[in-house]
Structure formats: structure tokens, C-alpha cells
Amino acid sequence: MMKSIFAAGLLTLASCESNLDTINENPNDQASIDPKNLLTYVSQYTFKVDGDNMYASRMMIGTDGENSYQYMKWNDLSFEVYTKGLLNTGKMMQEAEKRGNKNYLAIGKFLRAYHFFNISLKVGSAPYSEAAKGESGITQPKYDTQEAIMAGILSELKEANDLINTNDKIEGDIVYNGDALKWKKLINSFRLKILITLSKKTTVGSYNIAAEFASIAGSQSIMTSIADNGELKFADAADSRYTMFNNSGYGSGLYMADYFINMFKDRHDPRLFTFAAQTTGAKEAGKAITDYTAYNGGNPTSPYSDNAALITAKNISKVNDRFYKDPTNEPASVLSYSELEFILAEAAARGWISGSAKTHYDNAIKASFSFYQTYVKNPGQYFSGFDVNQYLATPLVVYNNADPLQTQLEKIMTQKYMTMFHQAQWTSYYDYLRTGYPNYPLKAGVAAPFRFRYPQSEYNYNSNNLKAALAAQYGGNDNINSKPWWLQ
């Protein structure tokens, strides 16, 4: 990361306008920054939609040029999150301490955990214990191991759970509107997400992963309905509109991948109609929106020119135009109740917790349908006559607790994947890396990358610490196919 990421005393708030109007005239006077404004800013940054994952996860394809994520050729990661996310989160926590408000501290610990979790999953070891401490004179932070980061954020979330309370007011909260209990549920549910992500490991730091999971799931407040979703709702106002609103790429060369679209067609799953548009040929033929034969995708492993030929043939579905024409759409989640129920289903299948994996799996699918029927406009045109209980009993969907673990995992991961169009950022790709499900199509000779390369700025400004981390992890090779600790 650039030297200024850790040395800068000023916050990167200039780009956030309407929601930070209450900041005093002098942004350089750090004492004038209220934690509520910082919470608004960091929440907007944290909960945005990340479309790149949907190329890598075989949900959509490009037809107007080669997309590096679609063809599994990505390279450097940006470390902008250290300034936009972590530096501002740290400042929010400092200001909260001055005011004696424990809830901003707790939420700050969640935001730190969320960002460090994702940074580490993308690269491996990373600055953590010394990160974002430029004001303390640390301009070249050391790298912590991936295991140390994961153990550290689990401890931070445990502390956050203990801090959250119903007395300290939470203002500027665009996620839960000041509801401390919902934040508590998100904090504990995210602890479970971290632990299930480490399913290839037995321990992380001093934590026994399965035992810690069972303890949290059995004794702490976690999400119980879609009302608890860790999500950002959008509004038709400046700086509050849907992340992809008016995105020109979405309106031109973006189409659906056949791998994703066929899962819904094969299961007669009406969520398809909310994600995809009919092919031009089907629309011209007057087919109904709910006719599954009206939808077709392109092959994500084929040259983009081949998929462009499907456009000429009027036989490929665009991404539903609501994603770039509607300023609101459904909320974007970093962790939903549906995802949590899939996490609990997997834990039950692995024997980490008692109870029925099928019950959690069914709950997860019901929650996903409830989410779309609640938030997608005019849901009747898509879901009229649909019965979720009948859907759960169909051969490709029905769950059997007696199946072998791999069969159960495939069912869970397939349906979990089907809930993540424009949701949960890179979660579906990480699930694929650790479980192999669903089984993504890959071009012959091209492996799915395990990680990103470190930013060039790190080589420029923090090279000694970076090179030591590379030597310890990957034998000095900063390669997208080097396998990090969590996957070993």
C-alpha cells in the first residue's frame, strides 16, 4: 500500500457529499468529525455491490471485450480499503471512545473484522496489527499471517458482542437504523461465517473451529429472519442509489452465463425471471416472462466473440435491465439470514452442531424466496402460483440428511450459490475454492486462481515486509495460483 495509506492523518471523506453534510466546515480538524457521519460513510463503502465476483463465479459474461475475471486472469489487488474502510473505521472508534459510546466501538470492530477477513482471503498474509496506524508513526506495517488475522478478528468480534448494548445511541446507521440487537445478531452470525470459511482447518489460533462454532450457534444471538439481514437498502437520492444504477457496461455488453441460468431452468426456479431478461428472439415471439424456454445464457469459457454471435442470433439473455435502470432494487447484503441458514446447514452436515441440516437448508431457501418476493418490484409477475414447499420437494432440490457428506455439501453450495446474484460479494467464489461446489466450468489449461497478487504500491513503499511475507507463505512467489493457508 502507498505510504500515505498509513501516514495520512486526513480522512478520505471528500467524495462523500450528501450524507456527510453535517461534518463541520474544517475537515482537517479531526475533533469535529462525529462518529455517526463516519459510520454512514464506511457503511456505504462496505455494503456496495461487487460485480467482479459474478464473472469469476460464472453468473454473467461480457461480450464486448475480454473480462479478466471471466477468464480467470486477474492480477493485482488494490489496498484502497485501508484508507476508505479501515482508516475511517479507526477514526470512528477513536471518536466513540471520547464520547464513551460502546456501540460505535462494537460496530467498528465488526467493520474491521469484515474488511480484514476479505483482505486476507484475497491475498493471504496482510498488515493487520500495525495497519492504519500512520498517526502513530507506523508507515511500513508488518504483515501478520493469515491464521493470526483470522484468530484476531474472531477475538475482535467476541469483544464486539460483549460491547454492544441498548443504552448507547447509534446515529448515522443506514444498515439497522440504530437497532443494537440487530447489530449483535450480525456480529455473531459473521463469527459463524468466518469459522465455516475455515472448514479445511481444525484450529485457528487458540480456537477449536468446530467447538467455537457450536458455542456461538448455541448460546449467542444470531439472525432469525430476513429482517435481520446485514444489508444496505437503496434510495433514489444522491449517493444512496443502487450501486449499478446507470452503469453503462450493464446496459451494453453484459449477459447471463449459461452455467448459472441453467440451474434455474433445470429446477423451474422463478428467481431466474428477476435476474435475467428474455432473449430477443423469445421476446419477439411473444413468449411469457415466466416461460423458461425464453432464457438462454452464453458459455463463460468460450471466447467473448462466440458469445457476441449469440446476440446476433437473438439467443442470449441480458442481465435484467432493472439492475441498471432502477435506482433502488433489492438491498445488497454482506451477510443475510438465508446465507446464515446455509452456514448452519453445512455445520450440521459436518457434525459441528446437532439438529437437522435439511431444516436449515429448507429455511435458507424459503428465506431467499421471501427476500425476492418482498423487495423485487411487482413480484406477482414472477412468482404467481409458486409454492416453495413444492419446490423443496422436487428431485434436484430435495435434501436428505442421510446422504453422504459430499452429496449434502453439493446441495447446500448449489442453492447457496443460487441466492448470491448481486449479493454477498465474493462469498460464492470462496465457497467454490474450499468445497469444489458448485463445479464451475473452466477453460482447459486455466485453473481457478486461489488469490490476488499484492499491489504494486506495496512493492514500492513496504517492500521489506511484503517480501518477508511472500517468502514465508509462497516461497517468494506472488502468484495467483499460490495456495494460501486457509485452503491448505
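Pro 438 sits in the loop that runs between helix H20 (427-435) and helix H21 (456-461). In this predicted model, the peptide bond joining Tyr 437 to Pro 438 is cis, with omega at about -15°. As a rule, most peptide bonds are trans, and most residues other than glycine have a negative phi.

His 268 is not a glycine, yet its phi is positive, at about 50°. His 268 belongs to the loop between helix H10 (258-267) and helix H11 (272-275), and with a relative accessible area of 52% His 268 counts as exposed. Asn 329 is likewise a residue other than glycine with a positive phi, near 60°. The loop between helix H14 (322-325) and strand S6 (332-335) is where Asn 329 is found. Asn 329 is buried, its relative accessible area being 8%.

Tyr 242 has a relative accessible area of 3%, so Tyr 242 is buried, the cut-off being under 20%. Setting aside residues up to four places away in sequence, Tyr 242 touches Val 49, Phe 234, Phe 323, Asp 326, Pro 327, Thr 328, Asn 329, Glu 330 and His 422. Take Phe 323: 81 residues separate Phe 323 from Tyr 242 in sequence, but C-alpha to C-alpha the two are 8.0 Å apart in space.

Now for the interior. In soluble globular proteins, nonpolar side chains tend to be buried together. Here the largest nonpolar core holds 149 residues, and the members touching the most others are Phe 110, Phe 213 and Tyr 429. Helix H5 (residues 102-123) is the biggest contributor to this core, supplying 13 residues. Beyond its neighbours within four places in sequence, Phe 110 makes contact with Leu 157, Trp 183, Leu 186, Ile 187, Phe 190 and Val 334.

Helix H5 also carries Asn 103, which is buried at a relative accessible area of 0%. Not counting residues up to four places away in sequence, the partners that Asn 103 touches are Leu 163, Ile 164, Asn 165, Asp 168, Ile 170 and Ala 180.

Next come the helix pairs. Two packed helices are described by the angle between their axes and the distance between the axes. For helix H2 (residues 35-46) and helix H4 (residues 81-99), the angle is about 155° and the axes are 9 Å apart. Angles over 145 degrees count as roughly antiparallel, so that is the label for H2 relative to H4. The crossing of H2 past H4 is left-handed. Residues in the H2–H4 contact split into nine nonpolar, three polar and four charged. On the H2 side, the residues taking part include Leu 38, Tyr 41 and Tyr 45, while those on the H4 side include Lys 84, Met 92 and Arg 99.

Helix H15 (residues 337-350) and helix H19 (residues 405-418) cross at roughly 175°, their axes coming within 10 Å. H15 and H19 are therefore roughly antiparallel to each other as well. Among the residues making this contact are Phe 342, Ile 343 and Arg 350 of H15, along with Leu 409, Ile 412 and Lys 416 of H19. By type, the residues of the H15–H19 contact come out as eight nonpolar, two polar and four charged.

Technical notes. Residues numbered from 1 in each chain as written. Predicted model: local features only at pLDDT ≥ 70, side-chain atom pairs only at ≥ 80, totals over all residues. Heavy atoms only, no water. Core = buried A, V, L, I, M, F, W, Y, C linked by side-chain atoms within 4.5 Å. Buried < 20%, exposed > 50% of the residue type's maximum accessible area, 1.4 Å probe, protein only. Helix = DSSP H or I, 4+ residues; strand = E, 2+ residues; numbered from the N terminus. Contact = heavy atoms within 4.5 Å. Axes fitted to C-alpha atoms, helices over the stretch in contact; angles between N-to-C directions. Parallel < 35°, antiparallel > 145°, perpendicular 65-115°, else oblique. Left-handed = near helix turned anticlockwise from the far one by under 90°. Nonpolar A, V, L, I, M, F, W, Y, C, P; charged D, E, K, R; others polar.
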